[in-house]
Amino acid sequence: MAAKKLRRARLSQELCERLSRHQITTCQDFLCLSLLDLMKVTGQSYGNVQKLLCKVSLACAPKMQTAYEMKVRRAVNPSSAFLSTSLHGLDKVLHGGVPCGSLTEITSPPGCGKTQFCIMMSVLATLPISMGGLNGAVIYIDTESAFSAERLVEIAGNRFPAYFDSDEKLFSMTCSVYLYRELTCGSVLKRIKSLEEEIISKKVKLIIIDSVASVVRKEFDTKLQGNLTERSNFLARGASLLKYLAEEFSIPVILTNQITTRLSNGPAIQADLVSPADDLSLSEVLDSSLQSHPLVRLPKNRLESSRILLEICLAGASGGRKRESGCVTAALGNTWSHSVNTRLILQYHDLPTRQIRVAKSPVAPFSTFFYTIEKSGFVLQETDSE
Amino acid sequence: MQRDVGSLPLAPALRARLVAAGFQTAQEVLETGPCGLSKEIGISKEEALEALQVVRQECHSDATRTAGAPGTSRKCTALELLEQEQAQGFIITFCSALDNVLGGGVQLTKITEICGAPGVGKTQLCMQLAVDVQIPECFGGLAGEAVFIDTEGSFMVDRVVDIAAACVQHCQLIAEAHQEEDHLKALETFSLESILSHIYYFRCRDYTELLAEVYLLPDFLSEHSKVRLVVIDGIAFPFRHDFEDLSLRTRLLNGLAQQLIIIANDHKAAVVLTNQMTTRIGQSQSTLVPALGESWGHAATVRLIFHWDNNQRLATLYKSPSQKESTIPYHITPHGFRDVQPPAVTQNPEGTEMNPRKRLRREEEK
């Protein structure tokens, strides 16, 4: 809308030519000028310039709708407002599941099950609407090469054995999951920009990016000068593009993030915590038998994960409000936390149980559920919920 | 009438010609008449007539301003302002602690800014206010309508439905306790559908759409004269990326603030903005500060900062011309924005959650 050419805003031809001589061709350029500048550039009187401003504003302003119309629209299409996660307790708290039209983030230490969750959601999105799915294709942008098609088939076969009873049903499901491997920030952004046409042509109903943090943290080292702003710019641009796609097509977008430890002295670090739920070190975490348990899915870098787990232990052990040794939060900073609408945090509990927490949501309070990862994907422990 | 020609709101080329032809004051221009003007400057008679009309209108409004006519003048005594301020309403937030801190609630004709970390409840409060502004007058509300401009996409209709239902239920309880005629009559029109139909929602995706919408807002408010609240949820989001030229950003934000102040004053509406927090990296530590820079801090009249203290949400009144700085805890329940301890006995005829000032006047009337 901003890049709309002034010609299409119904300004007269000669006025457009005159403005283009001053390099003002789009609505954005026009609206960024002050009134005096506009008078100089268009050569019109004050009253006329105000009328022109109104005309151009009408061309780019968004349409008005009342909240009632929005509610009616959602009531007409209730299934299209959420993608059920098939985890009953979580769905109830989230008023239906992962919301369509907004960004949802899954954060966790390595090995907790982010990629498993994403694969499970891919299966769910391809199911027909009668079974709680969206009956559409899935676009899966993989930056860590962690996607496993065998696991996809395994989850589908074990979770919905009645539906996927024949091989061809399984294969048609796998045909609707489109996998893209992108390894740099630039290519991820380019891919997101090209998604608009793909969504229409392939009837996509779910976008998954696994994971945003790995590719961003590889390329931007925040200790270097200027990298912090560049990183924020990249993230903000990506977030606004994804939000636009999510809202325009009313589809859910799932992103995964990593955790980071902030080691520093002094209580100043308190400022970086965006909410108590985000501070993963507040909950109890460690079990020393962690590394030796067979169900722990060993990440590629086992050393890295055990280092992080050790630090979580230290942070938790120092206890209480004063965090001298550091704290554990979601990566990618404050600005990113503002951009996502819903945040789910996965964490270790007494193995093999882990917990999933709703940390930020416009409709749900903070809640915690316990789950295990089985052959059929995530399974909630009903006894320990909340 | 002695106004200099160079300051008239005419087209620059026309102004230049007038000055070149030797005209110095508006009086001279008016005396010449359209035919004389067109001959002297070399423009057509129609253009000369148009220019004369503009000049005449300018001089007329100048004259009335100096003569002190009540219609166009903006000056009044402090006593008149005091009476106006006492008579005007507040938008209650349903959290009595916050209302007390603000001096009754969110004030009309002022800009209130709410800053906070993500997930702390800014959008929740905005949705609550959009419902509360519609409460009928007999229950202590303003019976107004709301404009909601969303830049982040965090407006959830289902949540507004929950909040509105709780509000209607609350009013029904009060009506049952009091059993007054006007209460019951007001309740007939105060329903879920009417609340939702009077929230006007705009989704702006970038700063150009936001600027365009704010330019068009005065016309919209003149058409919908019952609007008493304009919420811009996320004024920071469109301005925080894609801006290499920070001075342009400052200029646009200042212009936006000016227009919002004019809108707030002319239409007697409250303007509520939400801002994000950003980390400022200092010498040895980093702190969370409101985004958009120092100069933006001057734009809002009242500033609230929402933050956490170990699982408790707190609201701090950070900047206000008339109230003391203080911090109170609040709660977000399935019914919306509330106090931490629910007030005792809602059947109390005092009406504990209503605006205390309104309550005083009603007792005086009785």
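## Helix H11 of chain A

In this predicted model, the buried residues of H11(A) are covered by elements that include S5, S6, helix H10 (185-193), S7 and helix H13 (227-249) of chain A. Contact is taken as heavy atoms within 4.5 Å, and helices (H or I, at least four residues) and strands (E, at least two) are DSSP runs numbered from the N terminus. H11(A) spans residues 195-202, and its buried residues are Leu195(A), Glu198(A) and Ile199(A). Because these buried residues fall within an arc of 105 degrees when seen down the axis of H11(A), they line one face of the helix. The arc is that of the directions from the helix axis to the C-beta atoms.

The other side of H11(A) carries the exposed residues Glu197(A), Ile200(A) and Ser201(A). Buried denotes under 20% relative accessible area and exposed over 50%, with partly exposed in between (1.4 Å probe, protein chains only). Just after the helix, Lys203(A) has a positive phi of about 55 degrees.

## Conventions

Residues are numbered from 1 along each chain as its sequence is written, and chains are lettered from A and ligands numbered from 1 in the order in which they are written. The model being predicted, local features need pLDDT of at least 70 and side-chain atom pairs count only at pLDDT 80 or more, while totals for chains, interfaces and linings use all residues; side-chain values use heavy atoms, with hydrogens and water left out.

## The nine-stranded sheet of chain A

Chain A contains an open sheet of nine strands with mixed pairing, in the order S6-S5-S7-S8-S4-S11-S12-S13-S14. Two strands are said to pair if DSSP finds at least two bridges between them. Strand S6 (177-181) and strand S14 (377-380) of chain A stand at the edges with a single partner strand each, so one side of each is left without a neighbour in the sheet. From one strand to the next, the twist averages 25 degrees. Helix H8 (residues 149-159) of chain A packs on this sheet, where it touches S6, strand S13 (367-374) and S14 of chain A. The direction of H8 makes about 40 degrees with that of S14(A); axes are lines fitted to C-alpha atoms, for helices over the stretch in contact, and angles run from 0 to 180 degrees between N-to-C directions.

Within the sheet, S5 (residues 137-142) and S7 (residues 204-210) of chain A pair in the parallel sense over six bridges. Val138(A) stands opposite Leu206(A) in S7(A).

S6(B) pairs in the parallel sense with S4(B) over six bridges. S6 (residues 227-233) also runs parallel to S7 (residues 270-275) of chain B, to which four bridges join it. Ile232(B) in S6(B) stands opposite Ile149(B) and also opposite Leu273(B) in S7(B), while Leu229(B) has Ala270(B) as its bridge partner in S7(B). Six of the seven residues of S6(B) are buried, so this strand is largely enclosed by the rest of the structure.

Strands S8 (residues 277-281) and S9 (residues 286-290) of chain B run antiparallel and are joined by five bridges.

## Nonpolar cores

The largest nonpolar core has 58 residues, and those with the most contacts inside it are Leu6(A), Phe30(A), Val147(B) and Phe239(B). Such a core is a set of buried Ala, Val, Leu, Ile, Met, Phe, Trp, Tyr and Cys residues joined through side-chain atoms within 4.5 Å. Helix H10 (residues 207-223) of chain B supplies the largest share of this core, nine residues. Apart from neighbours within four places in sequence, the contacts of Phe30(A) include Leu6(A), Leu38(A) and Val56(A).

A second, separate core of 57 residues includes Leu129(B), Ala186(B), Leu229(B) and Phe306(B).

## Chain B overall

Chain B has 12 helices and 13 strands, and buried residues make up 52% of its 366 residues.
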